[in-house]
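Student: I would like to learn how to read the features of a model. Can we take them one at a time?

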Amino acid sequence: MNRHFILGYGSLISSTSRAKTGETGQVWPVKLKGYERTWSVMSQALGMSSVAVIQAPDKACNGVLIEVEEDQFPLFDEREHGYERSQVSRDQLHPYHEEELPEGTYWVYHTDEVVAPCQHYPIVLSYVDVILAGCLEHGDHFLHDFLSLTRGWRAPLVNDRRAPVYPRAQTELSTERFSHLLAPVSTLTLNELAITYDA
């Protein structure tokens with residue numbers, strides 16, 4: 001039986017967020033070579049920008065390899081509407097830990113064209129928070145790699161925590177640490193970043 005794996009590099013890094021879409025199995029933190037992650041307008045209906053990856057031979061991004069049964073693919077394809085799902089090869093994947101990656105077919109949702117975020121479709125913190133919480137499941141080094149291996153942080157960014165735009169927002173998250181991590185890369189001040197969900 002062939003096993004299938006999705007490379008999650010945005011909100012799918014978060015186990016809580018994955019569970020809102022479908023059933024998944026074990027995950028392995030990895031770096032994917034040959035793709036660059038960037039902020040892009042992927043769905044105008046959401047009123048926000050998302051992260052996407054685009055093919056770039058000398059670049060890499062980090063994410064998690066997620067085991068997914070074939071019958072769950074329609075659910076994830078719907079979630080990733082606007083992206084194209086393509087196979088990647090085993091030699092493009094490099095694990096964070098000294099462990100063998102499982103044999104199978106590996107998939108990534110990518111785009112062929114980046115549309116830069118703008119005031120109408122900004123980066124929103126309710127989405128960023130979900131990703132950062134997912135990154136922390138795999139440690140500080142993994143989280144810092146997410147920040148440094150993502151292009152486009154200087155785009156318009158909105159603190160929407162009081163009225164979350166992202167449909168899978170996790171309003172129970174503690175965000176103080178996230179604000180300090182985002183201050184060096186984002187366009188918001190620490191005071192603007194400090195507004196929390198429970199305020």
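Student: Is lysine 31 buried, partly exposed or exposed?

Tutor: First, a caution: this is a predicted model. Lysine 31 is partly exposed, at 26% relative accessible area. The cut-off for buried is under 20%, and exposed starts over 50%.

Student: Which residue forms a salt bridge with lysine 31?

Tutor: Aspartate 145 does, with the closest N and O atoms 3.7 Å apart. The cut-off is 4 Å between a Lys or Arg side-chain nitrogen and an Asp or Glu carboxyl oxygen. Aspartate 145 lies in helix H4 (residues 140–148) and lysine 31 in strand E2 (residues 27–43), so this pair ties together parts 114 residues apart in sequence. Aspartate 145 is buried, at 10% relative accessible area.

Student: How many salt bridges does the rule give?

Tutor: The count is 7 salt bridges. One of them joins arginine 3 and glutamate 67, with the closest N and O atoms 2.8 Å apart. Arginine 3 sits in the segment before strand E1 (4–8), while glutamate 67 is in strand E3 (residues 48–67), so the bridge ties together parts 64 residues apart in sequence.

Student: How do arginine 3 and glutamate 67 score for relative accessible area?

Tutor: Arginine 3 is partly exposed at 30%. Glutamate 67 is buried at 16%.

Student: Which residue pairs with glutamate 36 in a salt bridge?

Tutor: Arginine 151 is the partner, and the closest N and O atoms are 3.1 Å apart. Glutamate 36 belongs to strand E2 and arginine 151 to strand E8 (residues 150–151), so the pair ties together parts 115 residues apart in sequence. Glutamate 36 is buried, with a relative accessible area of 15%. Arginine 151 is partly exposed, with 42%.

Student: Now cysteines. How many disulfides are there?

Tutor: Start with the general idea. A disulfide is a covalent bond between the sulfur atoms of two cysteines. Here the count comes to 0 disulfides.

Student: Cys135 is in H3. How many residues of H3 are buried?

Tutor: Of its 12 residues, 11 are buried, so H3 is mostly covered. Among the buried ones are Leu125, Tyr127, Asp129, Ile131 and Cys135.

Student: How do I find empty space?

Tutor: Rolling a probe the size of a water molecule over the atoms shows where empty space is left. In this model, the largest pocket holds about 320 Å³ of space. It is lined by 22 residues, and the closest to its centre are Ser50, Arg79, Glu80, Tyr83 and Arg168.

Student: Which elements supply the lining of the largest pocket?

Tutor: E1, E2, E3 and helix H2 (73–79) each supply at least two residues. E3 gives the most, with 3 residues. By residue class, the lining divides into 12 nonpolar, 6 polar and 4 charged.

Student: Where is phenylalanine 5, and is phenylalanine 5 buried or exposed?

Tutor: Phenylalanine 5 is in strand E1. It is buried, at 0% relative accessibility. Now set sequence against space. Phenylalanine 5 and glutamine 87 are 82 residues apart along the chain, and their C-alpha atoms are separated by 9.7 Å.

Student: And where is glutamate 103?

Tutor: Glutamate 103 is in the loop between strand E5 (93–95) and strand E6 (105–110). It is exposed, at 61% relative accessibility. Glutamate 103 and threonine 150 are 47 residues apart along the chain, with their C-alpha atoms 28 Å apart.

Student: Which strand holds alanine 60?

Tutor: Alanine 60 is found in strand E3. It is buried, with a relative accessible area of 16%. Its C-alpha atom is separated by 19 Å from that of glutamate 98, 38 residues apart along the chain.

How values were computed:
Residues numbered from 1 in each chain as written. Predicted model: local features only at pLDDT ≥ 70, side-chain atom pairs only at ≥ 80, totals over all residues. Heavy atoms only, no water. Disulfide = S-S within 2.5 Å. Helix = DSSP H or I, 4+ residues; strand = E, 2+ residues; numbered from the N terminus. Buried < 20%, exposed > 50% of the residue type's maximum accessible area, 1.4 Å probe, protein only. 1 Å grid on protein atoms, 1.4 Å probe; cavity = no way out; pocket = protein on both sides within 12 Å on 5 of 7 lines; lining within 4 Å. Points joined across faces, edges and corners; volume = space filled by probe spheres on them. Nonpolar A, V, L, I, M, F, W, Y, C, P; charged D, E, K, R; others polar.
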